[in-house]
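Student: I've got a fold on my screen and I'd like to learn how to read it. Could you walk me through it?

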Amino acid sequence: MNGGRPDTTNPCLLTQLAWAAGTADAVAGTPVPVYVNTANPGPDGPWWWPTSNAYGGVEVSNPYGMCDGTSTAACAYTYGYAMAFDDANLRGVPDPAHHLWWLDVETGNSWSPETATNTADLEGMTAYLQSIGAEVGIYSTGYQFGEIARSIDSGSNLNRLKNWIPGAASTASARANCASGPITPGGTITLTQFTAASLDYNVTCPTIPPTPPQTAPIPSPAQTVDPAKVPPRARMHLARAPRNIN
């Protein structure tokens with residue numbers, strides 16, 4: 001989407017989207033996913049930084065309060081919201097609501113040392129994309145996401161998103177990563193990636209159906225023995241059997 005930085009546009013984007021629209025999955029009806037760069041440069045970076053909660057002609061509903069132009073979670077949230085707004089409306093993506101948007105969370109971009117503000121930035125991006133009806137996923141490794149965002153609250157909108165895990169060196173190790181832990185709580189690993197000969201290849205992870213709840217077997221009705229119907233030898237055995245003492 002961005003060509004490596006969150007505030008730029010990939011010059012080949014429209015050509016690539018047109019090519020992807022002709023692939024077998026797209027022709028069969030699967031929407032083409034898109035991949036966007038993320039960052040949290042703060043007010044001292046060379047890029048735009050918000051000074052209020054207003055962007056795109058609306059007042060951003062900000063769970064962190066009012067942005068005042070400083071390096072706060074409130075401003076980071078508005079920045080992330082604004083970047084996602086630009087990606088969806090200014091890069092030339094047709095029908096942005098019908099794509100899966102992968103957020104590329106890597107240490108190679110600019111991030112604040114305050115991991116809580118980085119989390120707010122990613123939440124702002126996710127909030128805007130979800131507000132237009134788009135699906136959101138996270139592309140990162142557990143190490144990089146941990147360096148950038150650390151742990152996140154249970155109520156965060158980053159929880160339960162799809163995960164795309166890079167970093168493997170072979171098809172086998174990429175498949176093994178399908179069974180690794182998700183990046184965020186409740187997340188689902190749907191794709192993994194490995195690199196060979198300087199090219200990246202992706203592996204689709206199998207969909208594991210939920211395990212049906214286990215129910216205890218219904219016990220059979222208790223049976224009583226009529227001594228009159230027991231053969232004599234077996235009757236002697238019953239007479240000698242110890243009683244259960246409760």
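Tutor: Happy to. Let's begin with a helix pair: H3 and H4 cross in the right-handed sense. Keep in mind that this is a predicted model.

Student: At roughly what angle do the axes of H3 and H4 cross?

Tutor: Roughly 35 degrees, and the axes come within 7 Å. H3 covers residues 73-90, and H4 covers 115-131.

Student: Which residues meet there?

Tutor: On the H3 side, look for Ala76, Gly80, Met83 and Ala84, among others. Their side of the contact faces an H4 set including Ala120, Gly124, Ala127 and Tyr128. Sorted by class, the H3-H4 contact has 14 nonpolar, 4 polar and 3 charged residues.

Student: Now the sheet. In what order do the strands run?

Tutor: Trace E1-E4-E5-E6-E7-E8: 6 strands in an open sheet with mixed pairing. E1 and E8 are the edges, each pairing on one side only. On average, neighbouring strands are turned by 25 degrees against each other, ignoring direction.

Student: In which sense do E6 and E7 pair?

Tutor: Parallel, over 5 bridges. For one of the residue pairings, find Trp164, whose bridge partner in E7 is Leu191.

Student: And the largest pocket: which residues are closest to its centre?

Tutor: You'll meet that pair again: Trp164 and Leu191 are there, along with Pro33, Trp102 and Asn202. The pocket's volume is about 1,400 Å³, and 44 residues line it. By class, the lining has 24 nonpolar, 16 polar and 4 charged residues. Elements giving two or more residues to it include helices H1 and H2 and strands E6 and E7.

Key
Residues are numbered from 1 along each chain as its sequence is written. This is a predicted model: local features need pLDDT of at least 70, side-chain atom pairs count only at pLDDT 80 or more; totals for chains, interfaces and linings use all residues. Side-chain values use heavy atoms; hydrogens and water are left out. Axes are lines fitted to C-alpha atoms, for helices over the stretch in contact, and angles run from 0 to 180 degrees between N-to-C directions. Helices (H or I, at least four residues) and strands (E, at least two) are DSSP runs, numbered from the N terminus. A crossing is left-handed if the near helix is turned anticlockwise from the far one by less than a right angle, and right-handed if clockwise. Contact means heavy atoms within 4.5 Å. Ala, Val, Leu, Ile, Met, Phe, Trp, Tyr, Cys and Pro count as nonpolar, Asp, Glu, Lys and Arg as charged, and the others, Gly among them, as polar. On a 1 Å grid over the protein atoms alone, a cavity is a set of points where a 1.4 Å probe fits but cannot get out, and a pocket is an open set with protein on both sides within 12 Å along at least five of seven lines; lining residues have an atom within 4 Å of a point. Grid points are joined across faces, edges and corners, and a volume is the space filled by probe spheres set on the points. Two strands pair if DSSP finds at least two bridges between them.
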